[in-house]
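Please walk through this protein chain with me, from its overall make-up down to single residues.

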Amino acid sequence: MKKQVFKVLHHVFPRSLFALAITEIFILVAAYSIGLHIYTESSAIDTSYAIEFLIALLWAFLVITSMMTIGLYWRDNIQDKIGRLFRIIASFAIGFLMLSITLKFFYKKSDLNFDSDIFLVFTGLGFVGVLLVRSLFYAVVSQDFMKKKILVIGAGEKASQLLEPEMQDINFVGFIPFSDNFIKLPNERLLAHSIPLVDIAKNYDVDGIVVALDERRNKIPVEELIECKMNGIKILELSEFFEIHRKQLNINDLTPSSIIFSNGFRRAILRSKSKRFFDLVVSFLLLIIVLPIILVAVIAILIESKGNGPIIYRQARVGKDGKPFEVLKLRTMRVDAEKNGKAQWASKDDPRVTTVGRVLRKYRIDELPQLINVTRGEMSFVGPRPERPEFVEGFGEKIPFYQLRHRIKPGITGWAQICYPYGDSEKDAREKLQYDLFYIKNYSLLLDMNILLQTAHTVLWGRGAR
């Protein structure tokens, strides 16, 4: 069976994107090496091949990291050709700048012994190489044969969830209705169980089978699934499929036993300590970097409000283990935004938001004072966004497993924030919880770094703010 994903520290990545990243690293290293030897006489090279190779890897790392931050490894940017070109240009400009600064600090020109024009040469070579590879990749990846082929057992309510827009990168070859009382799918999506299941799977050359039966008791074709398993075909439950491909836990299929016996949801001491150390280091560094931005924002708020009202807005939120704390934000709404004393969601084009506040919200500048909450230990840099007590009380009664999100510290940013747009309803809270539970189950430092990079992309492009 073909595998199109791979795992790193419990996190699943599309193999096609991994192959693209490796190819681009190779192109960047090769571009650096070619550029170096074009502008350097071999008899005059004083640097060793090891140092050259390390600098080439540094160059590749800086460009690839910039590309990740700017969203060039996001599936939803595949079709945006003009935006893709500008993102690649921006990534190379950032990589060029960062490499120049790094080499200036750590090496003297005489040590490296090459002309500064080499920067333009290997940047140009790398840019052309990446552009060509990307064009080829996007031409191929958009074709149906690159999509993962999945056969589904079931055609009821649960199976119908697989036809949502988020699953467009999967080719569902068909749905077999095994005794589902109510078929929720059109006839053209159904497959007859006229031959053994293993033969159907082989005929369609599937990558896996997903079991999505509404009623499983005495209805799962156990013997046939075992036969498929023995023939190397991967069998997944619907909840596991959602976790792998949508990066969320489906709370409709989540049970206490699946949490208790899961490999995830662990709170190891070493993980907690390393996360706290990471929070402190990142928060202190960012506070130093963003202090000028905060000062400009404060001045803008003072001018717009003519000195009336607070600059820092304090709001009660629910933290770790359900303990309340005050989250700090730059004020972006009118002073009388909640004059009736009732908590309200921020809506799209909310009239309560001030002109300055709209800009601060778009680029998440209003959230920067929460770095102080992190240094105090009330929040983490990455985690579920803290909610107001008024909302938590209602959600805890209506949404199963909602209180699990309070088992860890809330965060300034989180997995739900980059995977789901701003929510202002119980339905949105339910969807975001599924992403929060995925994060809690699969937490690692690697996932935190991934979230930070994607958050930077979200902020730079001003996505999802209200």
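This is a predicted model: local features need pLDDT of at least 70, side-chain atom pairs count only at pLDDT 80 or more; totals for chains, interfaces and linings use all residues.

Residues are numbered from 1 along each chain as its sequence is written, and side-chain values use heavy atoms, with hydrogens and water left out.

Start with the whole chain. Its secondary structure comes to 17 helices and 10 strands. Helices (H or I, at least four residues) and strands (E, at least two) are DSSP runs, numbered from the N terminus. Of the 466 residues, 45% count as buried. Buried means under 20% relative accessible area, exposed means over 50%, and partly exposed lies in between (1.4 Å probe, protein chains only). Contact means heavy atoms within 4.5 Å. Among contacts with a separation of 6 or more, 72% join residues 24 or more positions apart.

Now take helix H11, residues 269-305. A kink of about 50 degrees lies at Val290, shortly before the proline Pro292. The bend at a residue is the angle between axes fitted to the seven residues ending there and the seven starting there.

Val290 is also buried in H11. Other buried residues of this helix include Lys275, Phe278, Asp279, Val282 and Ser283. Further along, Ile294, Ala297, Val298, Ile301 and Ser305 are buried too. An α-helix has 3.6 residues a turn, so residues three or four places apart point the same way.

H11 also packs against helix H12, residues 355-362. Their axes come within 9 Å and cross at roughly 155 degrees. Axes are lines fitted to C-alpha atoms, for helices over the stretch in contact, and angles run from 0 to 180 degrees between N-to-C directions. The two helices are therefore roughly antiparallel (angles over 145 degrees). From H11, Ala297, Ala300, Ile301 and Glu304 meet Thr355, Val356, Gly357 and Leu360 in H12.

Lys306 lies in the loop between H11 and strand E7 (312-318). Its phi is near 55 degrees, a positive value in a residue other than glycine. Lys306 counts as exposed because its relative accessibility is 72%. Arg364 sits in the loop between H12 and helix H13 (370-376). Arg364 is not a glycine either, yet has a positive phi of about 60 degrees. At 24% relative accessibility, Arg364 is partly exposed.

Helix H9, residues 238-245, has Leu238, Phe241, Phe242, Glu243 and Ile244 as its buried residues. Just after H9, Lys247 takes a positive phi of about 55 degrees.

Next, the cores. A nonpolar core is a set of buried Ala, Val, Leu, Ile, Met, Phe, Trp, Tyr and Cys residues joined through side-chain atoms within 4.5 Å. Which residues touch the most other members of the largest one? They are Trp415, Leu437 and Tyr439, in a core of 46 residues. Beyond its neighbours within four places in sequence, Tyr439 is in contact with Lys275, Val382, Gly383, Ile408, Trp415, Leu447, Asp448 and Ile451. A second, separate core of 28 residues includes Leu17, Leu28, Ala60 and Tyr73.

Phe92 lies in helix H3 and is buried at 3% relative accessibility. Phe92 and Phe127 are 35 residues apart in sequence but 7.2 Å apart in space, C-alpha to C-alpha. Ser91 lies in H3 too, within residues 81-106. Ser91 is buried at 0% relative accessibility. With neighbours within four places set aside, its contacts are Val63, Ser66, Met67, Ile70 and Leu72.

Finish at Phe395 in helix H14, residues 389-398. Phe395 is buried, with a relative accessible area of 7%. Neighbours within four places aside, it contacts Trp345, Tyr402, Ser425, Glu426 and Ala429. The C-alpha atoms of Phe395 and Arg430 are separated by 8.4 Å, at 35 residues apart along the chain.

Key. The expected span of a helix is 1.5 Å times one less than its number of residues. Angles under 35 degrees count as roughly parallel, over 145 as roughly antiparallel, 65 to 115 as roughly perpendicular and the rest as oblique.
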